[in-house]
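Q: I am new to this structure. Please pick one part of it, look at it closely, and then show me what packs around it.

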Amino acid sequence: MTPAEKKQRATDMMRGMDRKDWVAVGNIISDTFTFELATPMPFGNPILNREQFLENMRAELVGMFPNGFNWTYTDAICEGDQVSLQAVCNTVTDKGRPYTNRYHWYYRFKGDKIDLLRVYLDSLKAYQTCVVD
């Protein structure tokens, strides 16, 4: 894959998650896929395998963000099998609270599939907005 194709594949994964298209997301990630939440959160497992990721994201994102994230993508860099993608979300949670946050995703490819996704975000803001009553 070219660097442009890898950047597009990374963006397509996020768009698939935003559309809740889990078949598309499943087709983009490898059988050995690992998800890592790099910023601390006071709940949940920070490292998930492929099956856990698809199950947890399907359950959590649909409930917490019924209207998706409404991403604005800002920067994408590709070097070798690595892609860095940044975006800002602007949405409303299931509790009716406005939620805006900056995200940075690190992807590592294995062939044409994403094998690792590491996520960085302001986890305190996410927790206070999405979890705390």
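A: Glu 36 stands opposite Arg 118 in E6. That is one place where E1 (residues 29–37) and E6 (residues 113–121) meet; the two strands pair in the parallel sense, over five bridges. Pairing here requires at least two DSSP bridges between the strands. Strands (E, at least two residues) and helices (H or I, at least four) are DSSP runs, numbered from the N terminus. The model is predicted, so local features need pLDDT of at least 70 and side-chain atom pairs pLDDT 80 or more, while totals for chains, interfaces and linings use all residues. Residue numbers start from 1 along each chain as its sequence is written, and side-chain values use heavy atoms, leaving out hydrogens and water.

Stay with E1. What is the partner of Thr 34 in E2? The bridge partner there is Asn 49. E1 and E2 run antiparallel to each other and share three bridges.

Now widen the view to the whole sheet. Six strands make up an open sheet with mixed pairing, in the order E2-E1-E6-E5-E4-E3. At its edges are E2 (47–49) and E3 (72–79), and each of these pairs on one side only. From one strand to the next, the twist averages 20°. Helix H1 packs on this sheet: H1 touches E1, E3, E4 (82–92), E5 (98–110) and E6, and the direction of H1 makes about 140° with that of E3. Touching, or contact, means heavy atoms within 4.5 Å. Axes are lines fitted to C-alpha atoms, for helices over the stretch in contact, and the angles run from 0 to 180 degrees between N-to-C directions. Another helix, H4 (residues 123–130), lies across E5 and E6, at about 130° to E5.

Look along H1. Its residues 3–18 number 16 and should span 22 Å at 1.5 Å a residue; the end C-alpha atoms are 23 Å apart, which agrees. (The expected span is 1.5 Å times one less than the number of residues.) Several residues of H1 are buried, among them Ala 10, Met 13, Met 14 and Met 17. Buried means under 20% relative accessible area, exposed over 50%, and partly exposed in between (1.4 Å probe, protein chains only). After H1 comes Lys 20, whose phi is positive, near 60°.

Met 57 gives a view from another helix. Met 57 belongs to H3 (residues 50–64). At 14% relative accessibility, Met 57 counts as buried.

Next, the rings. There are 10 aromatic pairs. A pair means that ring centres of Phe, Tyr or Trp (its six-membered ring) lie within 6.5 Å; planes under 30 degrees apart are stacked, over 60 edge-to-face, the rest tilted. Phe 69 and Tyr 103 make an edge-to-face pair, with 6.1 Å from centre to centre and 75° between the planes. Why does this pair tie together separate parts of the sequence? Phe 69 is in the loop between H3 and E3, while Tyr 103 is in E5, so the parts it joins are 34 residues apart. Both Phe 69 and Tyr 103 are buried. Tyr 73 and Trp 105 form a tilted pair, 6.4 Å centre to centre, with 45° between the planes. This pair also links distant parts of the chain: Tyr 73 is in E3 and Trp 105 in E5, 32 residues apart. Is Tyr 73 buried or partly exposed? Its relative accessibility is 23%, so Tyr 73 counts as partly exposed. Trp 105 is buried, with a relative accessible area of 2%. Ring pairs join Phe 65, Phe 69, Trp 71, Tyr 73, Tyr 99, Tyr 103 and Trp 105 into a cluster.

Tyr 99 leads on to its surroundings. Setting aside neighbours within four places in sequence, its contacts include Phe 65, Phe 69, Thr 93, Leu 121 and Thr 129. Thr 93 sits in the loop between E4 and E5. At 4% relative accessibility, Thr 93 counts as buried. Beyond its own neighbours within four places, Thr 93 is in contact with Met 64, Phe 65, Pro 66, Tyr 99, Thr 129 and Cys 130.

Finally, the core. The largest nonpolar core has 35 residues, and among those touching the most other members are Met 13, Met 17, Tyr 99, Tyr 103 and Trp 105. H1, H2 (22–28), E1, H3, E4, E5, E6 and H4 each supply at least two residues of this core. Such a core is a set of buried Ala, Val, Leu, Ile, Met, Phe, Trp, Tyr and Cys residues joined through side-chain atoms within 4.5 Å.
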